[in-house]
Amino acid sequence: MKILRNAAIVGCLALVPVSASAQGAMLHGIGPINSAMGGAGTALPNESLGALMFNPALIAKTKGNQISFTTEFFKDDINIHTTAGLLSGDAHPSSQLSVVPAFGWMMRDPSKKMALGFGLIGVAGFGTDYPQDNASVLFAQPPNGFGRIWTNLAVTKIPVALAVQVTPKLAIGASFNAYVGQFSVAPLPHKDFDVSPNGDRWYPEAGRPSQKFAVAAQVGFHYQATELMSIGASFTTPQNFAPYEWNSTIADPASKNFGLARKLSYDLDGPMIVSFGSALAGKRTQLAVDGMFTKYKGVNGFGSPGGIVDGIVYPFGWRNVWTFKTGIQHAVSDALTVRAGYNYSQMPLRSEVVLSATGAPATFQHHFCAGFGFKIFPFLEMNASAYYVPRQHLVGPFPDLNNKVIGTIDESNKLTSGLIGFNFRF
Amino acid sequence: MPAFGWMMRDPTKKLALGFGLIGVTSIETDYPQDSASVLFAQAPGGLGRVWSSLKVTKIPAAMAYQVTPKLALGASMNIYLGQFSYAPLATTVFDVNSSGDRFYPEAGKPSQRFAYSVQLGFHYQATDMVSVGGSVTTPQNFAPYEWNSTIADPLSRGFGASRTLSYDLDGPMVASFGIGLTPDKKTQIALDGMFTKYDGVAGFDALGWRNVWTFKTGIQREMSEKLVVRAGYHFSQTPLTSTAVLSAIGMPETAQHHLSAGFGLKLFPFLEATTGVSFVPRQHVSGSYADAKNAVGTIDLSNRATSALVGLNFKF
């Protein structure tokens with residue numbers, strides 16, 4: 001029974017919040033236009049949100065003003081199947097609709113070479129909400145299991161961008177990005193815990209959303225190689241958030257200090273990103289093909305070793321991620337544009353430390369995307385899109401605190417999302 | 001707390017449309033456990049560590065019609081998105097140990113609910129200088145917020161076992177009315193009144209909130225073609241009552257006097273950058289501090305607020 005107790009407590013790794021939908025902790029695309037094209041568009045000037053997210057040089061490619069206002073609604077469906085000896089069970093967290101808004105604006109005086117951009121973009125968001133469940137090895141009543149667990153992570157990017165059309169073919173751009181992160185995890189399964197006289201561990205709660213800021217620089221270029229073909233790339237520096245901090249309490253219910261104040265902290269930073277792509281643009285049809293590299297290794301929090309190290313639980317344990325994206329849009333008429341895209345992302349999760357991902361179930365790999373834009377007025381287009389990420393599994397060992405394998409964990413997730421937005425040009 | 005608004009009217013037509021995404025409520029607290037405080041002392045002697053969060057976003061889709069040169073009527077269908085957490089949730093669900101001590105369970109993970117309301121309004125241009133307006137917003141009936149929670153008594157065999165919590169917290173009816181004065185081409189003055197009916201609203205009623213009258217006034221003046229300066233004052237009754245001050249610790253809305261100022265700078269013919277600041281000086285609400293049976297002391301709850309806003313205003 002002691003083994004099971006330890007194993008269940010280790011399972012608290014499941015508690016750490018994770019990714020929104022792709023590329024680890026980030027959305028695969030921003031806004032209904034970019035999202036419908038699989039997030040591709042590093043070399044394709046289209047609208048402000050895609051430019052501010054993936055390549056600031058693109059803001060120099062559109063003359064006049066362009067404003068995007070969009071909202072994404074998504075819902076995931078996590079399932080965790082655990083086996084430990086003769087015991088096995090499934091855990092389904094409560095799931096609610098997540099809402100992620102975004103605003104982008106870019107402008108270039110047609111007579112000038114310089115362009116400006118500004119945005120407020122929800123780039124990552126996730127929550128888990130596991131009820132205590134005695135039918136589950138992981139979420140059984142403490143201390144035999146981990147009990148009730150919930151997590152929440154939301155990251156907003158605020159870019160201020162500048163770009164210059166250096167030559168008729170070459171545009172370069174840069175943006176200063178501020179990030180606002182809000183993070184909760186209750187309980188927080190890491191280095192701070194209480195141990196009762198019989199060796200049971202009790203992890204304290206980090207419930208109230210802790211808010212921290214980070215900054216990053218993003219530089220990019222766009223080169224119009226021929227009338228038909230262009231290439232582009234951008235580089236975003238890592239985001240160093242101050243450690244998240246929480247007012248918490250002593251968690252061991254048998255201790256006379258139960259409920260007394262303690263402080264918790266956890267350092268969770270953001271990754272370096274390299275994005276590059278090529279675009280083919282005809283009068284009515286545009287095609288974009290992109291690649292992206294997201295460096296989670298070495299990033300505080302995400303880049304932890306994962307698994308159990310010296311009896312301590314390390315959440316995340318993510319690896320670096322390569323992503324392939326492609327999208328196409330076609331103007332069916334003057335008023336209607338249709339779009340489709342596909343995005344494949346490696347999983348940042350590693351099967352050997354699947355326990356560290358239990359609460360961070362970023363299993364998403366294949367994104368099937370489609371959408372359309374409808375011109376309501378000459379200056380106003382309404383855009384809508386949807387995408388579906390089929391269920392993907394990650395299976396690995398279920399260790400106790402001594403790293404002895406006592407069973408297996410099968411984590412899986414799928415995602416359905418809809419986006420709507422307005423795109424103003426004037 | 002972000003906000004986005006858009007309105008449009010074809011100059012040749014009488015119909016106008018509007019749309020927005022507006023953060024309208026944000027109340028948060030974060031009290032550490034504190035043995036030096038009677039209220040936040042280690043449970044069960046006190047409540048221990050307490051935190052709360054209520055955020056409401058309004059999403060209006062509006063339509064208005066210029067009925068006559070002087071009269072405009074408008075209506076909007078408003079969707080509301082509410083997110084609510086309260087840990088521990090000190091209401092009717094709690095655990096009692098053999099000594100009679102109470103332990104309240106946590107409602108921590110933000111629970112999300114939707115509501116809708118209808119808002120009707122008019123604007124009447126009485127003279128070149130004077131206009132009047134009014135609007136009514138119907139109450140917002142959110143489904144009860146729900147949370148996965150656990151048994152809270154630490155010495156109970158059931159400690160940590162599953163339970164579900166719920167709390168019904170709706171939104172109030174609001175009636176707003178005002179008068180606009182344009183004494184000269186460069187100056188506008190607004191005088192408003194507002195009534196917010198918390199009495200009978202699920203959740204707020206249980207917290208002991210009363211109905212609130214609000215008085216608002218503001219002035220703006222064009223200093224040049226590019227610069228507009230603004231100032232305002234807002235007085236609101238506090239919804240908190242001295243008889244229920246203990247219930248107000250999670251939503252300490254003591255604010256009464258709001259002092260505001262700001263300016264707008266036209267960067268381009270179509271674009272104005274606007275900024276504003278407001279300050280709410282500290283206000284107190286005092287009342288009795290009761291245990292489960294009797295008054296045992298007093299609580300003085302006070303709060304103040306400082307706010308800064310920045311925005312972009314496009315006209316095209």
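Mentor: Strands are paired if DSSP finds at least two bridges between them. The elements themselves are DSSP runs, numbered from the N terminus: helices are H or I runs of at least four residues, and strands are E runs of at least two. This is a predicted model, in which local features need pLDDT of at least 70 and side-chain atom pairs count only at pLDDT 80 or more, while totals for chains, interfaces and linings use all residues. Residues are numbered from 1 along each chain as its sequence is written, and chains are lettered from A and ligands numbered from 1 in the order in which they are written.

Trainee: How many bridges join β10(A) to β11(A)?

Mentor: A hairpin links β10(A) to β11(A) through 4 residues. Within this pair, A:H222 lies opposite A:G232 of β11(A). The two strands run antiparallel, and the bridges that join β10(A) to β11(A), residues 229-236, number 7.

Trainee: Which residue of β10(A) is the bridge partner of A:N177?

Mentor: Strand β7 of chain A (residues 170-186) runs antiparallel to β10 of chain A (residues 206-224), with 15 bridges between them. In β10(A), the partner of A:N177 is A:A216.

Trainee: Which element gives the most to the side of domain 1 of chain B that touches domain 2 of chain B?

Mentor: The domain assignment, automatic or from a database, gives chain B domain 1 (1-169) and domain 2 (172-316). Counting residues as in contact if their C-beta atoms, placed from the backbone, lie within 7 Å, 23 residues of domain 1 of chain B meet 22 residues of domain 2 of chain B. On the domain 1 side, β2 (15-31), β3 (50-66) and β8 (130-137) of chain B are the elements that give two or more residues. With 8 residues, the element that gives the most is β8(B).

Trainee: Which strand supplies the largest share of the side of chain B that touches chain A?

Mentor: The contact takes 29 residues from chain B and 30 residues from chain A. At least two residues of the chain B side come from each of β2, β3, β4 (71-87), β7 (107-125) and β9 (145-150) of chain B. The largest share, 4 residues, comes from β7(B).

Trainee: What percentage of the residues in chain B is buried?

Mentor: Chain B holds 0 helices and 17 strands, and its C-alpha trace spans about 75 × 35 × 35 Å along its principal axes. A residue is buried if 20 or more other C-beta atoms lie within 10 Å of its own, exposed if 12 or fewer, and partly exposed in between, with C-beta atoms placed from the backbone. Of the 316 residues in chain B, the buried share is 23%.

Key
Two residues are in contact if their C-beta atoms, placed from the backbone, lie within 7 Å.
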